[in-house]
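Thanks for asking me to look over this model with you.

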Amino acid sequence: MSSSETDDLEIGEILTKAVSPEKMRESLLRRSMSDDHRFSSVSIRILRDFVANVRKVVFETKLFVLFPAIPMAFVARWFSFGRPWIFALSLIGLTPLAERLSFLTELFMKVYLMFAVGGLVNATCGNATELIIAMFALHKRKIHVLKYSLLGSIISNLLLVLGSSLLCGGIANLNKEQKFDHKQVDANMLLLLLGLLCQITPLLFNLNMDSPKHDVNAVLQLSRTSSIVMLIAYVAYLFFQLKTHSQLFESQEDNGDNDDDQELDKETASIGVWSAFIWLCLMTVLISVLSQYVLGTIEDASESWGLSVSFMSIILLPIVGNAAEHAGAVIFAFKNKLDISLGVALGSASQILMFVVPLCVIIGWIKGIQMNLDFGLLETGCLAFSIFLTAFTLQDGSSHYLKGVTLTLAYVVTGSCFFVQHVPFGNSITFTC
């Protein structure tokens, strides 16, 4: 045996004598306990993060008291309760989901995608619920509900959201003169007037009673052509707002985005990118399911409650869908930041009229659904009145609470008009394609 092998054996014997079996067992036990402790700490941290996310997303909103309506809607659907109950619970459940979807989408876009145009971000996030409802209504070929809900969303933003913002802002700032930059208002109003023109022309075709029946195809073709024009105009508006004339919209960022960015940084500390994405997907799925429940039961709820489908679609659905931008616009008006409030309300109305409405027409064209831009005489008249009243209200670049009172009362009159209207769908020119 060589000397090196002898040395190795002697070292092995020394180590064996030095480390007794009891000490080896203690070492292994300590290592196992350390691994268990490490695993336990990781599990506790994951649980703690989950609880923090739930608290931030679910409970840090004043609408969290409405969240129980969501499982109640599923229970009512599963056990085949009355369809009006399903409609009511689904509508109530959509309210906090719409607000939280806006919060998560804004957080995700502003923080993680570096998308920094405040009013446009708020408008886009706030319209996510309306877009989901519109797509499901188009898929189910409920054109009347689709048209009514989109029209109601535009009118709600112009009269209710903007009116209540000016009213609350004027009352909260009685000793201050509220000013805003009318240049961004002019850009939005031009877009709304162009959209109104595109909706009036198909209506005039249908009101011509001497036209032969084959002119129905002409109305459909005109609607599709006008929809393409509206989409082009909206793309030009985005290019105008984000690229060539972004300085006209900088007042939104200068006045409000610094505080908002600090608040979003605090939110980001407790909600990671993947957590925000998972919550965003979950909220979208829940809104999609509840939207199907609402669309499937709205006629039954209308018959049971004695309310017209037009009133429920134009008034109730938009109030739920606009909950996010409504709250945001009022809060910014309270802080005397009217540029952001106007960017939210007018931006949302412009986006619905110039993007969501023509998008539905184009998608219907692809799917072979005869969706046109004829919303009916009364409906188009209310839309035109809302646009013109808003334009006159904002023409001087200043605001006070009386303007808010006027717009809010105009919305009450519009809602009363559709409250007393009971239109049989089969005989209405509103749904003629």
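The points below go from confidence through salt bridges and cysteines to a few single residues.

1. **What kind of model this is.** This is a predicted model, in which local features need pLDDT of at least 70 and side-chain atom pairs count only at pLDDT 80 or more, while totals for chains, interfaces and linings use all residues. Residues are numbered from 1 along each chain as its sequence is written, and side-chain values use heavy atoms, with hydrogens and water left out.

2. **Overall confidence.** The pLDDT (the predictor's confidence in each residue, from 0 to 100) averages 77 over the chain, and 73% of the residues score at least 70. Confidence is highest in helix α15 (residues 377-393), with a mean of 93, and lowest in helix α10 (residues 250-270), with a mean of 49. Helices here are DSSP runs of H or I with at least four residues, strands are runs of E with at least two, and both are numbered from the N terminus.

3. **Stretches to treat with care.** Over residues 112-116 pLDDT stays under 50, and the model has 15 contacts beyond four places in sequence for them. Residues 252-257 also stay under 50, with 19 such contacts. A contact means heavy atoms within 4.5 Å. Where pLDDT is low, the predicted coordinates should not be read in detail.

4. Side chains of opposite charge can pair when their charged atoms come close. A salt bridge is counted when a side-chain nitrogen of Lys or Arg is within 4 Å of a carboxyl oxygen of Asp or Glu, and the count comes to three. One of them joins Arg83 and Asp300, at 2.4 Å from N to O. Arg83 sits in helix α4 (residues 83-112) and Asp300 in helix α11 (residues 273-305), so this pair ties together parts that are 217 residues apart in sequence. Both ends are partly exposed, Arg83 at 39% relative accessible area and Asp300 at 30%. The terms used here are buried for under 20% relative accessible area, exposed for over 50% and partly exposed in between, with a 1.4 Å probe and protein chains only.

5. **The other two pairs.** Lys142 pairs with Glu299, their closest N and O atoms being 3.2 Å apart. Lys142 is buried at 16%, whereas Glu299 is partly exposed at 22%. Lys403 and Asp396 form a salt bridge too, with 2.7 Å between the closest N and O atoms. Lys403 is buried at 11%, and Asp396 is partly exposed at 45%.

6. **Cysteines.** How many disulfides does the structure hold? There are zero, taking a disulfide as a pair of cysteine sulfur atoms within 2.5 Å. For Cys382, the closest cysteine sulfur is in Cys417, 4.8 Å away, which is too far for a bond. Cys382 is buried, at 12%, and Cys360 is buried as well, at 0%.

7. Ser156 lies in helix α7 (residues 143-172) and is buried at 1% relative accessibility. Its contacts, leaving aside neighbours within four places in sequence, are Val161, Pro318, Asn322 and Tyr411. Asn127 is in the loop between α5 (118-126) and α6 (128-139) and is buried at 3%. Beyond four places in sequence, Asn127 touches Glu325, Ser348, Gln351 and Ile352. Asn127 and Gly321 are 194 residues apart in sequence, yet their C-alpha atoms are 7.3 Å apart.

8. **One side of helix α3.** In helix α3 (residues 69-78), Ala69, Ile70, Ala73 and Ala76 are the buried residues. They cover an arc of only 120° around the axis, so they are on the same side of α3; the arc is that of the directions from the helix axis to the C-beta atoms.

9. **Positive phi values.** Most residues other than glycine have a negative phi. Ser80, which follows α3, has a positive phi near 55°. Arg141 has a positive phi of about 60° and is exposed, at 53%. Asn336, in the loop between α13 (323-334) and α14 (338-367), has a positive phi near 60° and is partly exposed at 27%.
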